[in-house]
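Subject: Structure for you to look over

Hello,

Here is the structure I said I would pass on.

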Amino acid sequence: MARQRTALQDSAGQDPAQESTAPAGTARAGTRNPLVVAALALAVCAAGAAGWGGWLRYEATHDDAASFAQARDDALAAGEQAVQNMNTLDHRSLENGLDSWEQSTTGDLHSQLVDGRDAFAEQIAAAKTVSTAKVLSGAVTELDQRAGRAGVMVALRVTVTAPKGEPAVKESRLLGSLTRTADGWKLSALGQAPVGGTGG
């Protein structure tokens with residue numbers, strides 16, 4: 001009995017430090033492998049970077065598309081207005097009309113209008129005509145944002161009223177070249193569209 005008590009006492013009073021000496025596999029079972037944790041962290045970072053990069057690319061593409069669409073709309077609006085201005089002239093307010101022509105143009109076309117202004121004013125004053133234009137449709141045929149160039153096709157109905165006779169009505173399609181200036185898009189060339197031409 002004495003030996004059994006001693007054995008029990010020795011077992012019950014065993015040093016805690018000795019109890020912790022469990023097999024290595026048991027002690028590591030409750031902890032995570034540092035390599036696995038690091039790999040997971042890298043995977044999460046990579047996924048986040050990929051998602052962020054994709055979002056930035058989407059935003060850039062969306063911004064480019066929106067910028068192009070805005071430039072196209074601006075060019076079309078300016079082109080239609082300029083072509084309408086160039087086909088509208090009233091002999092009773094010649095100076096205002098010719099000013100509008102010059103303000104709508106740039107480059108060689110503008111120079112031609114300035115140089116021929118006096119002679120043209122005399123012709124219109126003598127004919128006493130009133131020309132009015134209405135835009136029927138328009139389209140951008142080309143657009144180069146970087147170069148600041150665009151092309152438009154505009155369908156017009158022009159009515160010319162003279163002192164005698166009935167008003168003459170004519171529908172036509174005109175091709176205009178636009179150049180972007182500090183004041184916006186302006187006509188740099190204007191001419192008749194060829195028969196069978198398309199506006200895109």
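This is a predicted model: local features need pLDDT of at least 70, side-chain atom pairs count only at pLDDT 80 or more; totals for chains, interfaces and linings use all residues.

Sheet

Five strands make up an open sheet, in the order E1-E2-E3-E4-E5 and with antiparallel pairing. Strand E1 (89-90) and E5 are the edge strands; each has a single partner strand, so one side of each has no neighbour in the sheet. E1 is joined to E2 by 2 bridges, and the two run antiparallel. Leu 89 has Ser 131 in E2 as its bridge partner.

Asp 90 is also in strand E1. With a relative accessible area of 18%, Asp 90 is buried, because the cut-off for that class is under 20%. The side chain of Asp 90 makes a polar contact of 2.7 Å with that of Arg 92. Leaving out residues up to four places away in sequence, Asp 90 touches Thr 129 and Val 130.

In soluble globular proteins, nonpolar side chains tend to be buried together. The largest nonpolar core here has 25 residues, and the members that touch the most others are Leu 156, Leu 178 and Leu 187. Both helices and strands contribute: helix H4 (34-86), helix H5 (94-103), helix H6 (107-115), helix H7 (117-127), strand E2 (130-144), strand E3 (149-161), strand E4 (168-181) and strand E5 (184-192) each supply at least two residues of this core.

What does Leu 156 contact, once neighbours within four places in sequence are left aside? The residues include Val 83 and Asn 87, the run Ala 133, Lys 134, Val 135 and Leu 136, and also Lys 170, Glu 171, Ser 172 and Leu 174.

In H5 the buried residues are Leu 94, Gly 97, Leu 98, Trp 101 and Glu 102. They lie on the same side of H5, because they cover an arc of only 140° around the axis. Asn 96 and Gln 103, on the other side of H5, are exposed.

The structure holds 1 aromatic pair. Its members are Trp 101 and Phe 120, in a tilted arrangement with 5.1 Å centre to centre and 45° between the planes. Trp 101 belongs to helix H5 and Phe 120 to helix H7, so the pair ties together parts that are 19 residues apart in sequence. Trp 101 counts as buried at 10% relative accessibility, whereas Phe 120 counts as partly exposed at 29%.

Gln 145 sits in the loop between E2 and E3. Its relative accessible area of 26% makes Gln 145 partly exposed. Not counting residues up to four places away in sequence, Gln 145 touches Ser 67, Phe 68, Ala 71 and Arg 180. With Ser 67 there is a side-chain polar contact of 3.3 Å. Arg 180 is 35 residues from Gln 145 in sequence, and their C-alpha atoms are 8.8 Å apart.

Asp 74 is in helix H4. It counts as partly exposed, at 35% relative accessibility. How far apart are the C-alpha atoms of Asp 74 and Trp 185, which are 111 residues apart along the chain? The separation is 7.7 Å.

Regards

How values were computed
Residues are numbered from 1 along each chain as its sequence is written. Side-chain values use heavy atoms; hydrogens and water are left out. A nonpolar core is a set of buried Ala, Val, Leu, Ile, Met, Phe, Trp, Tyr and Cys residues joined through side-chain atoms within 4.5 Å. Buried means under 20% relative accessible area, exposed over 50%, partly exposed in between (1.4 Å probe, protein chains only). Helices (H or I, at least four residues) and strands (E, at least two) are DSSP runs, numbered from the N terminus. Contact means heavy atoms within 4.5 Å. Two strands pair if DSSP finds at least two bridges between them. A polar contact is a pair of N or O atoms within 3.5 Å; within protein, one must be able to donate a hydrogen and the other to accept it, and residues adjacent in sequence count only if both atoms are side-chain atoms. The arc is that of the directions from the helix axis to the C-beta atoms. Rings of Phe, Tyr and Trp (its six-membered ring) pair if their centres lie within 6.5 Å; planes under 30 degrees apart count as stacked, over 60 as edge-to-face and the rest as tilted.
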